[in-house]
Amino acid sequence: MYNFDVERPGSVADAAAAMGREDAQALGGGQTLIPTLKQRLASPSVLVSLTGVSEMQGVCSTDDGRVAIGGATTHATVAREAASLYPGLAALAGHIGDPAVRNRGTIGGSLANNDPSACYPAAALGSGATIITNSREIAADDYFQGMFTTALEEGEIITEVRFPVPEVSNYQKFVQPASRFALVGVFVAKFADDVRVAVTGASNEGVFRWSEAEAALSSDFSAGALGGLSVSGDNMISDLHGTGEYRAHLVGVMTERAVAAAS
Amino acid sequence: MPKDSGIGASSKRREDVRFLTGAGNYTDDINIHGQAHVFFLRSDIAHGTISSVDTSAAEAMPGVVKIFTGADFEAVGGMPCGWQVTDKHGQPMQEPKHPVLAHGKVRHVGEPIAAVVADTLEQARDAAEAIDVDIAELPAVVDMKAAVANSDNKVHDDLTSNLCYDWGFVEENKAATDEAFSNAAHVTTLELVNNRLVANPMEPRVAVGDYARGTGDHTLYTTSQNPHVIRLLMGAFVLGIPEHKLRVVAPDVGGGFGTKIFHYQEEAFCTFAAKACGRPVKWTSSRSEAFMSDAHGRDHVTKIELALDGDNNFTALRTETFANMGAYLSTFAPSVPTWLHGTLMAGNYKTPLIYVNVKAVFTNTVPVDAYRGAGRPEATFQLERVIDKAARELGVDPIALRRQNFVTEFPYATPVAVEYDTGDYVATMDKLEAMADLSGFEARRKASEAKGKLRGLGVNCYIEACGIAPSNLVGQLGARAGLYESATVRVNATGGLVVMTGSHSHGQGHETAFPQVIADMIGIDESMIEVVHGDTANTPMGMGTYGSRSLAVGGSAMVRATEKIIAKAKKIAGHILEASDADIELKDGTFSVAGTDKSLAWGDVTLAAYVPHNYPLEDLEPGLEETAFYDPSNFTYPAGAYACEVEVDPDTGKVTIEAFTAVDDFGNVVNPMIVTGQVHGGLAQGIGQALLENCAYDENGQLLSASYMDYAMPRADDVPFYQVDHSCQTPCTHNPLGVKGCGEAGAIGSPPSVVNAVVDALQSAGKNVTHIDMPLSPARVWAAMQG
């Protein structure tokens, strides 16, 4: 680890100001960043810790019926406090990593990092969530721009994420045996007038929506409606743990299981 | 009734109190006043010529004490290899120089090029980044068969090829074996890979070197399974320090699994640098360094053929194996695919003719050496897989085929040079069939089918040779060491005992189990006996712990020393009681004269030994301390039968283990609870190899599974609740305790049963799958199911 300064702002305004320092890096729960620093693979001059920003903490319902989650809220808190508001999301949060990860890692940190195998991007994209930053609101469809790439500008902080609550939803994760990140994870959300299907872990482009499945499920929300549909393995991740072809196959299996389990 | 103390009692592990309450003393806990820290700059290139290593900028960095490169070790010996294998032409193996720091060439990712000693680890690391290394990259030698076929691209330029040796065993059997194959009614052939593994003990390796300028004494604290072996190898062959000026201490060690047997460069470096820098020098491996510097395990590519006659009797067995040595010969690497592998190819079966060929190959990868089981898992896996395949080809029950070919009469001399002293393979299989409820399997398969899962049953046997080993025999086989063990038993004046043993405990529970033996011999409480190990300064020369040898060999030395103690104590008692020592009996800690009511307590005699007022001083020295060295006359041969039931998810290829039953014959058992724990641990590692663990390199020699993000270790939810039994006991006939050893059995016996079970599950669903290489990851199983 190289030397760096640490700032612990107490407000979004102070955090934004601290992010204006040269080579500043926002720090959520540090579940990716700290190991990266320990490996000396990054050398920020200042870490801006967001966990002390109280206005970025917690889960609540908004007046328009959405679920709002502060950007610095841990997975464990989401699993607990969103359980009655948005069970599909809470269940996803409750199966990220292990208890240590869930009690440190934050939703804002996960979405800002946009690891191609992370769970939260599937929930955000699959729900059609809105990513709220210190300067603007970004629709999930515009936010995810490829592996580890997002619409965030330099220094921009995710302060909140707002999730429309679907009628039913489910996330199915098939874990990579070593890391237990998603080898393939599929989030299915059925709203009154449409169905969204978001896939993580599989694509070289990061999280994506499976539009053919969405169309089929929008007219018939049943696992059987997916019969004959498949995604191509051509642009899927191929590594020690599975070929692109295998991942493409799992996308179909996990989507069917998510639809069957959605409640 | 289970016993509550002594041999056969499940005494609680006394060492766990300190381990579980944070009171252990591991090597990383040792910090010496004034110590500096070393950071090793390691190669990120698998194969290349070092053009230059410029340390000038780094030397000017803050806190830097001294920077070392390969040139600093030119006058020092290379890392020694402890076993010389002779090839099938009678020629010694090719043995390359193994430098402490790379010199001339780098030969694997992770090889240390330079070492920076600085006041702090961060300073050392900062300075290491300022070292300018210029390496001209060469094509990496990774694939073993290509490495043998192509001698133009050599790992070691001064060797004639990448072949370390081409070993034939038993060479005299080859023609007869080939003849038997040409006469066979059926031949089953299987090509397979025994996957490369990383041992991953919970505690990474650590070394602290210290040098006393006033006396010229060196001390090395290290994470070792055998401190005396390190002292001899490093002192005599690397640094030229005589044993009396070198102390090696291996305090609490957090798991070894074989990979802490070997003498490593970092140990030699810290010892050397402590003197050169005039300060203690400490190194603690990071987990990332462990992946690319701890010796790896397994990595065999094998073709095995089994010949059967018309009645399904095994008539011959023939194997050809490519064994990866990595870039250099680790301490005992050459012995693993040969004498620890070829000699076990008979398994539990009376196959009359066996020929084993092993080609050991240098590649640009981390050196490969012993890992829990060491050669015996590789032998068991291929043998039990080919038997299973034969049974399926012939349409016979795999258990019946095994039973038909069991060795049933003992002692049994195999065609591969070892003699099993005792065993009862029918009894263990009978026990397995009952415990695992094999007759109920079809009903369980239907229940699995009802929920959309494919259920499979895999059964196998294993035998291993442990309690290693007769020194004169291994000497003939190329070992450059003896394999006896030692114990000094010191009785204190007030009756307590200290056992100073050359065995080393790094999870095995010696501190609990060894006293159980002596407590029974004398008839005193276990708490009166303490075990001291791990320090060359206060234990007799011993060979350490590996190969399931501690109780069988080290325990036997302790028994012999205790017998001497008892014999002398009887003389003292006889003097005091005015009786012949031949008439003295020792029972329940009391000496008595046979046929009389005259008696003395154990403590009265031990006190007399050190306060010899009423004592036969003209005939007997005072004191009560004895040493014994025990050299076994044979290996021990634990054996067993394992059954695994799996469910395969046909949609994803995911395998879950639904049941696992292990029936082992370990001979006599001193502490059943510890033995059960050893089996549990071994099973987890065997299941890890079968389903999860895979150390993989790409074609450039880059390690793909270099962290836990890609190297899958078994976790609690990957393994089932095991059924373990060791009630089938045929005691070893040649050691005083009748024990065989249990440390490796689980890791040896479990991989084939897992793979056999998965193949059974897939074939039950009509899939034409005869083999899948480990690890049976979901992706591999799914791919196999696609045909």
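This note covers a sheet, a helix pair and a chain contact in a predicted model.

1. Ground rules. Local features need pLDDT of at least 70, side-chain atom pairs count only at pLDDT 80 or more, and totals for chains, interfaces and linings use all residues. Residues are numbered from 1 along each chain as its sequence is written, while chains are lettered from A and ligands numbered from 1 in the order in which they are written.

2. The sheet. Strands pair if DSSP finds at least two bridges between them.

3. One strand pair. β7(B) and β15 (residues 353-362) of chain B run antiparallel, joined by 6 bridges. Here D166(B) stands opposite K359(B).

4. Two helices. Helices are DSSP runs of H or I, at least four residues. I387(B), D388(B), A390(B) and A391(B) in α9(B) meet P398(B), L401(B) and R402(B) in α10(B). Contact means C-beta atoms, placed from the backbone, within 7 Å. By class, this contact has 5 nonpolar, no polar and 2 charged residues. Nonpolar means Ala, Val, Leu, Ile, Met, Phe, Trp, Tyr, Cys and Pro; charged means Asp, Glu, Lys and Arg; the others, Gly among them, are polar.

5. Between chains. Chain B supplies 16 residues to the contact and chain A 11 residues. Helix α19 (residues 778-785) of chain B gives the most to chain B's side, with 3 residues.

Definitions and conventions: Contact = placed C-beta atoms within 7 Å.
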